[in-house]
Structures are given as C-alpha cells and as structure tokens.
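Please look over the sequence and the model shown here. A short report on selected helices and strands follows the display.

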Amino acid sequence: MNATAKNAAPSGEGKLAENVMHFGRVLRAAGMPVGPGTVIEAVRAVEAAGLNRREDLYWALHAVFVNRRDQRELFDQAFYIFWRNPKILEKMMSILLPSFGAKGEDLPETREANRRLADALFPGAGEAPQPAAGEDEIVFDAAFTYSDQEALRKTDFETMSAEELVEARRAIARMRLPIMNVRTRRYRPDTRGSRIDMRAAMRANLRTGGDVIPLRWRSPRQRHPPLVILCDISGSMSRYSRMFLLFMHAITSDRDRVHTFVFGTRLTNITRHLRHRDVDVALARVTEAVDDWSAGTRIGKCLRDFNTDWSRRVLGQGALVLFISDGLDRDEAHGLEFEIERLHKSCRRLVWLNPLLRYDRYQAKAAGAQSLIRHVDEARTIHNLESMSGLAATLAQEWQGPQKARPRDRMGAVA
Amino acid sequence: MGESKLSGAPNSIEGAQDLLRAGNYVADRALATTLFLALKLKRPLFLEGEAGVGKTEIANVLAATLGRSLIRLQCYEGLDAASAVYEWNYPAQMVEIRLAEAEGITDRAQLSGDIFSERFLIKRPLLRALEPDVAGPPILLIDELDRTDEPFEAYLLEVLADFQITIPEIGTVKAAEPPIVIVTSNRTREIHDALKRRCYYHWIGYPDAERELAILNLKMPGAGERLSREVVAFVQRLREEDLFKLPGIAETIDWAAALIQLDKMALDPESVNDTLGVLLKYQDDIAKIQGSEAARLLTEINVQLAAAE
C-alpha cells in the first residue's frame, strides 16, 4: 500500500522484496490466485535464482506465480510491463484500489500500454450482475394444487405463459437428477459386503484377543461418473435455452464433477459461471460470457472444438454426456458425423436430448439429425417438466448397453 | 547442514542445466531455472505437458545424475492408500497370531504390538520415499497425477506439505530430509490449485527444431546427419498440421529408431507411409497424412532444408 516507503528503502534486497510484493498484488488484481504466502515463496525463489539475468527472474517468478498454463499469457504481459517500470502499474493499481480515489482518465497512455492486461485490471463498467428484477413481484402461491402441477408438468416450455414459466423455474430448481453410480476401485466397510476386509478383521481379532478371527467385510465404493452437458443455444432452440440453463444450473450446483458447455456458432465452457449458487447471478454471468445467443448453429465445428480442446480433459473416468440439440445445423452437418462418432467413442454413454422428439411424427430427416441418431446411445425428448424428470429416471439406471464382460468378482478375494 | 547430504545438487541455474545435460537431457533455460529452484528450495516440481515431451524422463535423469534411488508411483483411477502408502501383510500376521497361540501368549497388548510392527508393514512408494536412504533423499516420481481422482489428490496434499504419513497402529513417519518430488500430469483434467500451489509449476511444450535436433543427436547417435535433420523437420512441420494428437519428442526418437532399423539414410515417401504409425497414434490422423499429404510435406521440408544449407 505504501508507495513512499519504496524510495526510503536503500538496500537492494528490501527493494526486491517490495517489488515482488507489488508485482504479486498486480497479478492478484488481474485475477490470478496470489496470496501472501505465494509472495514470500516468490521472494525466496528470486533470491535463490539470483538476478544475473532478466530471464532467470522471469522463470523464477513464473515457477511460483503461475500454476495453470492459461495464466502464462497474463503473467507474461504483467511481467514485461511491471519490470520495465513498476511505477506504471503501481499507478494503475492505485486506481484499482478503493483507498486511492484517483480516476482512470489521467492515465490514458498506460491504458494503451496493453489492452489485455488493462482489461484484467479494470474489469470495466459491468459490475457484478444484479439479480434480475421482477421476481419479487410474483407472490408464490403455496396452495398450488396437484392438478395444476400435473398440468404444468405436461405443458411445453414453448407455450408456457410468463406465470407458468416462473412456476416451472421453481420446479426445476427443486429437481434432482440422480445419475447412476458406477463401481470404483476403492472399498468401504460394509457388513453385507462380498469381500473380506483383512485389516478390519485383524484389528477385530486383537480386540477379542481370541483364537478366532471374526470376519469383516467390505464392498466397492460407488460413485457417479462425471457428467458433461453440451447444450445448443442457437436460434432454433432459443425458446428452450433459458429453461435448459436453469436445468443445467440445478444439476451443476447439486454435485461435483459436472461440466457444462453451450454452443451456437462457437463453444463456450460455462461450468464456472453456473457454479454460482444464486441462479440469477449464475445466469447473468453466463449471458455475459456467451456471445452467440440465438445465432446459427455449427454443430460439427463446435463438437470438433470440444473434441480437440476439452474431451481429453473432461471425459476422463467414463463420463456421461448429455447432448441437448435439435440437430438442425447451418453447416449442413459438415463434419458432424465424424465428430459425434468420436465423442461417442470417448464417453461412457451419450444421450441426445432433442425437444423436437415430442412430435410423434418427428423423423430425423435433417442431415445433422441423421448423423446424430446413428451415434448416440439413446435419444430422448426434453420439452416439458415431465420429460426432464423422466430423464432422471433413465440416468439413474445402470446403462445396460454394449459393455465389455468383466471378470467375475471372486468371493472373498483379498484385493 | 543439508549441504553435505545433498551432494551433487546444483548451485546455479547453469549447474542445473549441466546436470540434465550430463544425463542426456537437453533442457531450455526456463526448465533449468524451475528445476534449480525445486532442488534448492526443496519443493516439489509440478510438470505439465502433452504426452511424450519428456516429463517422466526428468525424474529418471535426475536419479541417474544425482545418484539417488528413484521411487515411482504410477497413478490410476481408484488408486488407494493400500497401494500408494502402505498395507499390512495379513498372511504373515495370521501366522504370527497362530504361533503366539501355540506359545501360549495371551497378553493382548504384546500381541498387538507384535503384529502391528514394522515387520509386517508392506511399504508402498509414498512411505518408502520418506525413509532415509544412504544415497541421500530419494527421487519420488508421482506420474500422471491427472489419472487419479480428487480424494487421492487431497491425500497427497497432506503428504507433500509436511512430508509425513501417519499410520494409526505405529505412529507418524516423518522424513528426516524431504525427497525430491516430481509430479507429472498430462492435463486430462485440471489438478486442484491447492496442490499446484505447493509446487513449482512448469509447462513443458514441444521443443523448437534446434533443440529437438540436439535431443535426437544425443538419443540416436546412430542416425545420420541427414536423416536426423529430415526427421526433425518433418515432425516440426507435422506439428503445424491440424491433428488430434501431435507427435511428441518420444515419438520423434521412436521414429528415428524405426528408420535406422530399416537402414534408411534419408526420408522417402514410401518409408514415411510405412512408419507413420510410430509417429501418429490415431487412425484419423494417419489417414489424413498418409499418401499424398506426406509426400507434399516431404517435398516442402526438402526445399526448406536445401535453402538452409
């Protein structure tokens, strides 16, 4: 905070520590997770590496401050600006910190210095999005009768009135989506387990001190696989998009290992935004992050982006993929078949949720839909509350599709 | 005090670079700096990068050049304490109980002390790494951490923070001197920040042509000058292509080895096609490059190499 102390510090080392501290604060302001502990580590690292070469300083600081590859660019820019002239960034910082009242206008040239870092330092006019107004006006009718609910469950989202939509929102927020559990290789104690827990048995034996070893049992721990949702937000889906976002928010905030993506003309990962507990804030953040709302669809290209950039990172450990789209593709399904096939081959189970399936006479005629239907494990409709909860029922079951034969569990085998 | 035990540890960044060089590992200065810091300040080194860029190799090289033993923990989904930390030797314990019965020992405390003693402990990599070693603290390689799941990661956090492990029946085992820890990840999922914060992070990318050639010359001295140049140029060019899995350095070396076995002195379209499976590991990628595309790339790099000469 104290910029004047800087001039007073004569010793080189003291100055270094101070500069590293300021640098750390710049990085923190730019959104990198830098705590006081990290700064101390950084000072230590710089002292160890020595200051003979600028490059060494760079990599020493890099080793401590950067811990994700995508932070590298930001670090790089901050480094070159800061260590060229720490003063500039200090001034920028002072604008950022509430205790200094200065406005940004007096430093136009530093803003020019590097737009990206400046963007990171000045998050712009858009403050934390306010929860959408209007909600308070609606009084929730607790005496909503069963038949009303029943009717609501069957109403298509497309044809819902504003009031019904609000009600549907609440229903979705309450919705739970239990997905099937799969066996992991870990064990937990279980009195009805099928395997002997030798460790517990030995301990139990000591407790009784006797001649018999009382058997203790264990069974494999169960866990749900990662869930990945890819949701189409193009123009043809726009009436449903909002409901699906609510749906995705309900799922995402309910469990770990969920990854959510939306796509229209390009793919956006919105997992982080949906993690926010408050649904309105979460949706506002998503709206801000995504800039291809209700535009065209390029399913093939987006799937391709997903396959190359994300599939290896989020589809590990047998993920379950929900692919929400109507299969109408602007690119005339260019490259779609190839990509959906690859997606299908890299996950445990691929479920296509298609709101168009609600029409009995719907046939996958569009080229995109045809390729999709060939490569998904299951296609389901999703257009009203009932189909959403129906989805829960299917996902809760263990998938009985093509499965490799597993070696039979041996009775009492000690792992 | 630690100086004498840490004999051979480099005192400067150049030292770290030389150390790797002595083990036939060509590192750029960035990596050498991070490694030097990790060795000097005794923090784990976290290496991330695509498959086949030499992450695991660093641990092997360090073990060889520093003369330490290498303890490797290969991670996989569902890795648990019994296979990563320790396990009791149950059959031996049962025999011991039986013997005690035969001898008429009924003192429960004594029996308990006997069968839950170090004698019956099967040590797994993490525990072994904390034990004193005559050659100095060992090198603990935690390979492909991204393959395991979050609970194990959380456990590891505890071990890496204090270098100690608690065994309820015996007590706490603490390393007199922390091992040199190298964690690698292929980034098939993001490792939690809490763990990375305790390490020095470095992303190992694909090397540039010059460094790749140096690596190839070191690893495959049998390959002729011309072949090495062509192989490196071809692989470098291939990395600019839009492929699902780009070839790493390991693939370059394998490819050169394959070509040497085929007695090739230079690349020709036919041998490229025949050996493409060594470089590319996805059928779609192979199909894309094989045939005319490979021939085109080959003429391109030949022109390029001729111009450079």
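Predicted model: local features only at pLDDT ≥ 70, side-chain atom pairs only at ≥ 80, totals over all residues.

Residues are numbered from 1 along each chain as its sequence is written, while chains are lettered from A and ligands numbered from 1 in the order in which they are written.

**Helix α3 of chain B**

Helices (H or I, at least four residues) and strands (E, at least two) are DSSP runs, numbered from the N terminus. Helix α3(B) covers residues 29–41. Burial is judged by C-beta atoms placed from the backbone: a residue is buried if 20 or more others lie within 10 Å of its own, exposed if 12 or fewer, and partly exposed in between. Ten of the 13 residues of α3(B) are buried, so the helix is largely enclosed by the rest of the structure. Among them are L31(B), F36(B) and K40(B).

The cover comes from both chains. It includes α3 (36–49) and α4 (54–65) of chain A. From chain B it includes α2 (13–22), β1 (45–49), β8 (180–185) and β9 (200–204). Just after α3(B), K42(B) takes a positive phi of about 55°.

**Strand β1 of chain B**

Four of the five residues of β1(B) are buried. Two strands pair if DSSP finds at least two bridges between them. β1(B) runs parallel to β8(B) over four bridges, and L47(B) stands opposite T184(B) there. β1(B) also pairs with β9(B), again in the parallel sense, over five bridges. In that strand, W203(B) is the bridge partner of E48(B).

**Chain A and its α3**

Chain A holds 18 helices and nine strands. Of its 415 residues, 32% count as buried. Two residues are in contact if their C-beta atoms, placed from the backbone, lie within 7 Å. Among contacts in chain A between residues at least 6 apart in sequence, 72% join residues at least 24 apart.

The buried residues of α3(A) include V39(A), V43(A) and V46(A). Just after this helix, G50(A) takes a positive phi of about 85°.

The expected span of a helix is 1.5 Å times one less than its number of residues.

| Helix | Length | Expected span | End-to-end C-alpha distance |
|---|---|---|---|
| α3(A) | 14 residues | 20 Å | 20 Å |
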